[in-house]
Amino acid sequence: MTETLHNPKPRLTATPGWQLTKYALYALVLCVVLLLLLGFITEKFNVGATSTSAVNFEDNTITLSLTSEPPQMDSTRATDMVSGMLLGHIMEGLIRYGPENEILPGVAESWEMGDLSGTFHLRQDAYWSNGTPVTAHDFVFSWQTALNPATASQYAFVLYPIKNGKAINVGEASVDSLGAKAIDDYTLSIELEQPTPYFIKLLAFFTYLPINKEFYESREGNYGTNAEDMIYNGPFLMSRWVHDKDVRLERNERYWNNSQTNLDAIEFGYITPDPNTALNLFATGKIVLAGLNAENIERALTERWRIETHSDGSVFYLGFNHRAERPTSNLNLRKAIQQVCDPEELVFKVLKTPGNLPGESIFPVWLRGVEGYFRDEFPAPDHKRDVASAHDYMNRALDELGLDEPPSLVFLTGDSAFSSKHAEYYQSMLKEKLGIEIKIDKQIFKQRLAKMTSGEYDIVAAGWGPDYDDVLTFGDLFTSWNANNRGLYKNEELDHQVEIAQQSSDPRTRMEAMDRVQHILYEDAAIIFEYERGSVYVFDDRVKGVTRRSVGTDPDYTQAYINPEVDN
Amino acid sequence: MTELSFKPVATSHEVEQASRPSLSYWQDAGRRLFANVRAMISLFVIVFLLLMAYLGPFIWRVDHTEQHLDKTSQAPWVNRNAILISEDSPWQEVVVAEPTGTHRAPSNIEVVGEARTTSVGLKWDAVPNATAYRIYRHILQPVAGLPLGLPIGETENGTHVSFQDKMDIQQKTYWYSVVALDDEGNEFEEFTSIEVRPRLYITVGEALRLGHITDASNVEPGDTVRLDWHPLGTDYLGRDMLARLIKGAQVSLSIGIVAPLFFIIIGILIGSVSGFFGGVVDSILMRFTDIVIALPFLLFMILFMVWFGVEAGGSGIPAMVVALVLLSWPGVARLVRGEVLQIREHGYVEASRLLGGTNRWLIGRHMIPNTMGVVLVSFTFAVPATIFTEAFLSFIGMGVVPPTPSWGAMCNDGIRTMEKTPHELLFPALFISITVLAFNLLGDGLRDALDARMRARE
């Protein structure tokens with residue numbers, strides 16, 4: 001009966017396989033225990049909810065996140081969207097845009113604007129946050145500073161419509177010769193270089209904001225680097241700026257229209273470029289707005305959050321390198337590529353987020369035309385993918401280029417995950433449809449611009465956002481004199497049409513010229529229209545009165561308020 | 001007592017036989033390795049992976065660069081029975097006259113034609129005073145008072161009462177809701193929803209082109225065809241995951257084996273020379289080794305890429321291999337030096353020298369073969385480490401260039417869609433884990449098998 005004791009079978013526990021299983025089991029049990037424990041702790045001690053909630057009823061404050069830290073807040077040197085958005089809240093120019101992009105009086109109470117000159121009458125109750133009045137001198141000083149070559153402002157060109165603006169910026173004239181003069185403290189006279197029908201719309205752009213000269217000089221080069229190193233004339237003022245951590249805007253009591261401001265403070269409590277982090281903050285009730293991408297839309301849906309779309313106004317396209325030594329200078333090659341591109345496929349199958357529109361023209365759908373929308377009045381060129389005709393073009397291109405097989409092309413693009421997905425789509429598509437080999441060159445933004453300028457590419461994924469609310473902000477992009485025309489596209493008729501639009505003050509003449517431009521760009525396959533960018537975001541609907549725009553401050557919280565009815 | 005009693009015992013040969021056959025060092029090591037179940041399983045896994053990488057493309061003949069935009073990020077288990085239809089009918093906008101009445105919800109909402117995974121068409125009855133309609137899509141049933149879901153589009157104006165959705169439609173249930181907008185662009189409170197379950201459809205022409213049917217005359221609309229199978233699903237551009245993993249295995253495994261091979265050779269040479277000669281030579285070589293060990297790998301990797309002049313869209317793999325080889329040998333060199341320092345004190349080395357063995361002979365015949373054990377073990381550990389480095393460098397975008405996949409790069413792509421389509425991250429991550437684990441366990445087994453002291457313990 002003790003037989004088994006004498007002849008023990010090899011014990012299962014001794015084999016290596018069993019040992020492994022045992023360790024795996026231990027690890028699993030440990031994980032489960034840890035998870036339960038953490039769950040219990042967060043539940044018990046309410047770790048998730050801290051004092052800074054997205055909407056604070058007592059303090060009349062909302063909390064948001066920023067995608068990046070503003071490099072600095074000096075309006076003459078600002079370039080990025082975050083700085084632009086913040087400046088739109090803490091500063092005010094001569095005019096500002098209303099909720100429907102209508103022009104509202106800002107610091108200027110009234111104005112007379114002719115073809116070549118204008119006079120602006122400034123309101124006498126506009127004050128800086130330190131109590132000094134906002135005067136015409138502050139505008140002249142700011143514009144002169146931005147144009148001064150020593151400032152090296154990247155956006156100085158926005159001021160070129162003002163007389164001598166360009167000459168000052170390239171160092172051919174002194175800053176005093178600028179065509180903007182303060183007649184007295186509250187009267188500003190502006191002379192223009194040439195008729196610029198859209199000049200009034202430019203005045204809301206951040207480079208046109210005023211800066212107080214005494215204060216600017218008292219900071220000895222540090223203006224705009226900290227919250228204390230600035231004074232404000234907008235609806236809000238920056239009360240705290242902890243670099244790389246948070247920014248707090250508070251109601252500016254000295255703002256002339258303070259009674260119209262509803263919120264007491266806007267807290268930009270988080271700075272994170274990662275959309276998933278932002279969405280988690282939104283999920284835990286810490287911020288009011290978070291952007292979505294194709295991957296996390298489903299989560300927003302299962303949570304039944306309010307999802308909204310917004311068109312940011314910019315247009316994306318594939319730019320060709322038109323330099324003679326590049327194969328893409330060949331019209332038939334460009335036409336072949338154009339014929340196999342399908343913006344609908346790109347938007348619906350690759351981008352996969354609503355809000356984006358398939359690109360049909362260099363002019364986005366929201367631009368105003370003569371009376372209604374430009375694109376309703378002047379339809380975009382017809383385009384449909386046509387592989388057969390693409391092959392015809394390709395054969396002609398090969399003849400002209402003296403090649404036996406399709407050339408290999410360099411596709412210059414950004415370094416983000418989206419950029420590479422987008423580039424891979426074209427890589428496979430062009431290989432399959434035309435046999436073109438694509439080499440993807442991923443570069444950071446600055447390096448990409450440098451390579452575009454030196455011409456080391458064949459195709460570039462590019463985009464353009466509007467600087468002001470007029471067709472010309474897109475229309476003059478491919479003129480031979482535009483510094484942003486880095487592919488060196490040159491078409492005399494297009495140049496001529498843009499000149500017409502720049503100088504004429506008759507809306508119909510201007511819009512007809514622009515209609516020619518969109519067709520020339522298509523017929524010449526100068527660029528390939530890809531999409532008009534839109535974004536999807538989740539939004540806390542207890543906050544009302546927020547304006548999303550394509551041009552100017554976006555999102556605009558200056559008129560935002562907390563809806564008292566849905567207090568929970 | 002008879003004579004028989006004194007008969008000699010039959011000569012037993014068995015006694016004289018050794019209890020165990022005489023085994024050389026390597027035979028013995030091999031025997032112990034074969035007895036190690038864990039190591040043997042690992043060895044089979046590695047052989048299987050190598051076969052998959054190099055023979056796989058001949059069996060699984062799917063192009064890893066071919067994209068199918070109609071089935072992006074498709075999970076392996078997704079239904080692939082498509083219904084045949086004769087022709088694609090072009091989408092027709094439905095435009096009606098301004099209606100009269102007072103109803104505020106778009107009634108009679110219905111699907112136009114079939115609800116397909118490529119497009120879903122909707123139409124509904126017009127609402128008086130509507131300036132446009134907004135169409136929402138939700139994956140949950142809409143509830144009054146709660147958001148209706150994803151705003152998928154708007155119609156041009158109030159007389160356009162149809163909409164075609166083409167945005168990334170999957171084979172699952174959706175609820176579409178239509179709301180009218182007033183002249184200020186505000187939504188009416190009333191909405192109408194419809195439950196739609198899009199299905200896979202394929203036109204006869206498309207099925208012929210893809211080879212799913214051979215003859216159009218013996219099929220009828222309504223028949224089902226089975227579409228191509230993707231055993232591991234597809235990625236974000238609809239490329240076959242299995243084909244990409246096989247191609248990725250070639251990249252990952254070849255780097256994982258080639259780079260360690262080279263740096264181990266360099267390590268052996270430097271280590272044995274250094275250990276054998278000792279003195280000044282040893283000092284100089286070991287200080288040089290210390291310098292190389294101190295060099296930051298990532299920085300030098302970038303420098304090599306610059307130095308190699310990797311052109312736009314060029315692969316970073318050659319630069320990566322050179323960087324790995326030039327920077328990873330010190331560990332092996334130190335190991336080999338330590339072994340050689342021990343071995344050179346042994347009597348047989350002295351004997352060999354007295355018999356006229358040259359330095360070259362001593363190193364080649366006595367030193368290096370005797371260090372083979374440690375070297376083999378460090379090789380098996382270096383392989384997974386290198387695969388990991390490659391995965392990491394490709395993950396941060398410094399390795400392979402598209403469309404060439406590598407396991408690390410695939411993980412990088414997959415991590416973005418981790419929540420929605422986990423298979424895109426899971427499979428490449430699984431392959432990395434299995435490979436690394438297999439090489440490590442094999443290395444463990446080899447170390448145990450090659451360790452001469454283990455013989456005594458048995």
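A salt bridge is counted here when a side-chain nitrogen of Lys or Arg lies within 4 Å of a carboxyl oxygen of Asp or Glu. In this predicted model, that rule gives 42 salt bridges over all chains, and one of them joins the side chains of K201(A) and D470(A), with an N to O distance of 3.9 Å. Because K201(A) belongs to helix α6 of chain A and D470(A) to the loop between β17 and α16 of chain A, this pair ties together parts that are 269 residues apart in sequence. K201(A) is partly exposed at 23% relative accessible area, whereas D470(A), at 5%, counts as buried.

A second pair in chain A brings D458(A) and R326(A) together at 3.3 Å, N to O, and it links the loop between α15 and β17 with the loop between β13 and α10, 132 residues apart. Here D458(A) is buried at 2%, while R326(A) is partly exposed at 21%. Salt bridges with shared partners also connect R240(A), K245(A), D246(A), R248(A), E250(A) and E267(A) into one network; within it, the closest N and O atoms of R240(A) and D246(A) are 2.9 Å apart.

Elsewhere in chain A, strands β15 and β16 run parallel and are joined by 6 bridges, with T413(A) partnered by K442(A).

On chain B, a nonpolar surface patch with about 680 Å² of accessible area together includes I302(B), F392(B) and M418(B). Helix α7(B) supplies its largest share, 3 residues; I302(B) lies in that helix and is partly exposed at 40%.

Methods:
Residues numbered from 1 in each chain as written. Chains lettered and ligands numbered in written order. Predicted model: local features only at pLDDT ≥ 70, side-chain atom pairs only at ≥ 80, totals over all residues. Heavy atoms only, no water. Pairing = 2+ DSSP bridges. Helix = DSSP H or I, 4+ residues; strand = E, 2+ residues; numbered from the N terminus. Patch = residues over 30% accessible without salt bridge, like charges linked within 9 Å, V, L, I, M, F, W, Y side chains within 5 Å. Areas by Shrake-Rupley, 256 points an atom, 1.4 Å probe, with all protein chains shown as cover. Buried < 20%, exposed > 50% of the residue type's maximum accessible area, 1.4 Å probe, protein only.
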